Amino acid sequence: MDVVNQLVATGQFTIVKQPLGFIKLLEWIFAIFAFSTCGGYSGMFKMSVDCKNRSESDLEIEVEFEYPFRLHQVYFDAPTCTGGNPQRLFLEGDYSSSAEFFVTIGVFSFLYSMAALSVYVFILDKYKEKNKGAQLDFIVTAVFTFMWLVSSSAWAKGLSNVKTATDPDRVKTLISACDREENRCREVADPVVSGLNTSVAFGFCNLVLWAGNLWFVFKETGWMAAFAGTYVPSQEKQPAPDSFGQDGYGQEGYGQQDPYASSQGGYQPDYGQQSYNEGGDYNQGGYSQGGPTSFANQM
């Protein structure tokens, strides 16, 4: 008891409130429902054969079948309505492979979910150490997701065949006495297969749970960070040279340096000091100083 109390005291039961642990708990429960509703099934249907000679009639022919649905081994006795011994007949089909595969996946899912929950609660630190436990958990979860898809689909098809093989209207065709018009054959009770329908529904529910759990387990593997690390952002676009600011027309453009105004010679008009607004004539520079005198002075 001391060991149990110590484990309970050190357990991290709050993980069950998180998606990683809560979905695993649901997987554990739904796995139980899946394999129990299929593996624990037993059904029966009834027929009646009313012969022309009423003493040979059998009004309650009971046919029982159960998991794993090896129907070719299920037999019943039916009257021949000819005065002879009853005829032993067998059902048709063997659907044990799909049923047993479905139950096997359910049992192993139950065991793995229980083991994973124990790891989450008691040794979560080791589970997250170097992400090895999470990576293994992800791989196993992916495998079980695929197995639930295959097994549920196979069992859904197998169940459809079981329903057809155990349909009293179909089974009546096996009885030779029912081929003669003077005899009357009818079904008394159909098999109840609601439990088997439920098992298929639980199978696909497990598929959804395990597929959804992949994302939460994947976040614990550390692969997301590795994938993000391989992303190389594109180089930042270099800004265009500010030709209209400091290096453009503001300082190095036409404002300060004029290639034709250098001291290397050539035609060098002085556009800086010449102004057309000083008294309406050219008084400071330009053509007013170096030009000829007026015509009035020459006279």
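Modeller: Number the bonded cysteines of the protein in sequence order, and the pairing reads 1-2, 3-4. Keep in mind that this is a predicted model. A search of the whole structure finds 2 disulfides.

Take Cys 51 and Cys 81 to begin with. Their sulfur atoms sit 1.7 Å apart, and the two residues form a disulfide. This pair links distant parts of the chain, 30 residues apart. Cys 51 lies in the loop between β1 (42-50) and β2 (58-66). Cys 81 lies in the loop between β3 (75-78) and β4 (87-90). The torsion about their S-S bond is about -65 degrees, so the disulfide is left-handed. Are these two cysteines buried or exposed? Cys 51 has a relative accessibility of 2%, and the cut-off for buried is under 20%, so Cys 51 counts as buried. Cys 81 has a relative accessible area of 16%, so Cys 81 is buried too.

Now the other bridge. Cys 178 is joined to Cys 185 by a disulfide, with 1.9 Å from S to S. The angle about the S-S bond is -95 degrees here, and the link of Cys 178 and Cys 185 is left-handed. Cys 185 has a relative accessible area of 18%, so Cys 185 is buried under the 20% cut-off.

Two further cysteines deserve a look. Cys 205 is partly exposed, because its relative accessible area of 35% falls between the 20% and 50% cut-offs. Cys 38 is buried, because its relative accessibility is 0%.

Cys 38 leads us to a helix. It is one of the buried residues of α2. Where do they sit around the helix? Seen down the axis of α2, the buried residues fall within an arc of 160 degrees, so they line one face of the helix. What does that set pack against? The buried residues of α2 pack against α3 (96-122), α4 (124-128), α5 and α7 (194-221). Helix α2 (residues 19-39) has 21 residues, which should span 30 Å at 1.5 Å a residue. Its end C-alpha atoms are 30 Å apart, which agrees.

Ser 152 lies in helix α5 (residues 132-165). Its relative accessibility is 1%, so Ser 152 counts as buried. Setting aside neighbours within four places in sequence, Ser 152 is in contact with Phe 102, Gly 203 and Phe 204. Ser 96 lies in helix α3. At 7% relative accessibility, Ser 96 counts as buried. With neighbours within four places in sequence again left out, Ser 96 is in contact with Pro 68, Phe 69 and Arg 70.

Last, step back to the whole protein. There are 10 helices and 5 strands. Buried residues make up 30% of the 299 residues. Among contacts with a separation of 6 or more, 70% are between residues 24 or more positions apart. The accessible surface comes to about 19,400 Å², and carbon and sulfur atoms account for 56% of that surface.

Conventions. Residues are numbered from 1 along each chain as its sequence is written. This is a predicted model: local features need pLDDT of at least 70, side-chain atom pairs count only at pLDDT 80 or more; totals for chains, interfaces and linings use all residues. Side-chain values use heavy atoms; hydrogens and water are left out. A disulfide is a pair of cysteine sulfur atoms within 2.5 Å. Helices (H or I, at least four residues) and strands (E, at least two) are DSSP runs, numbered from the N terminus. Buried means under 20% relative accessible area, exposed over 50%, partly exposed in between (1.4 Å probe, protein chains only). Contact means heavy atoms within 4.5 Å. The expected span of a helix is 1.5 Å times one less than its number of residues. The arc is that of the directions from the helix axis to the C-beta atoms. Accessible areas come from the Shrake-Rupley method with a 1.4 Å probe; for residues, only the protein chains shown count as cover.
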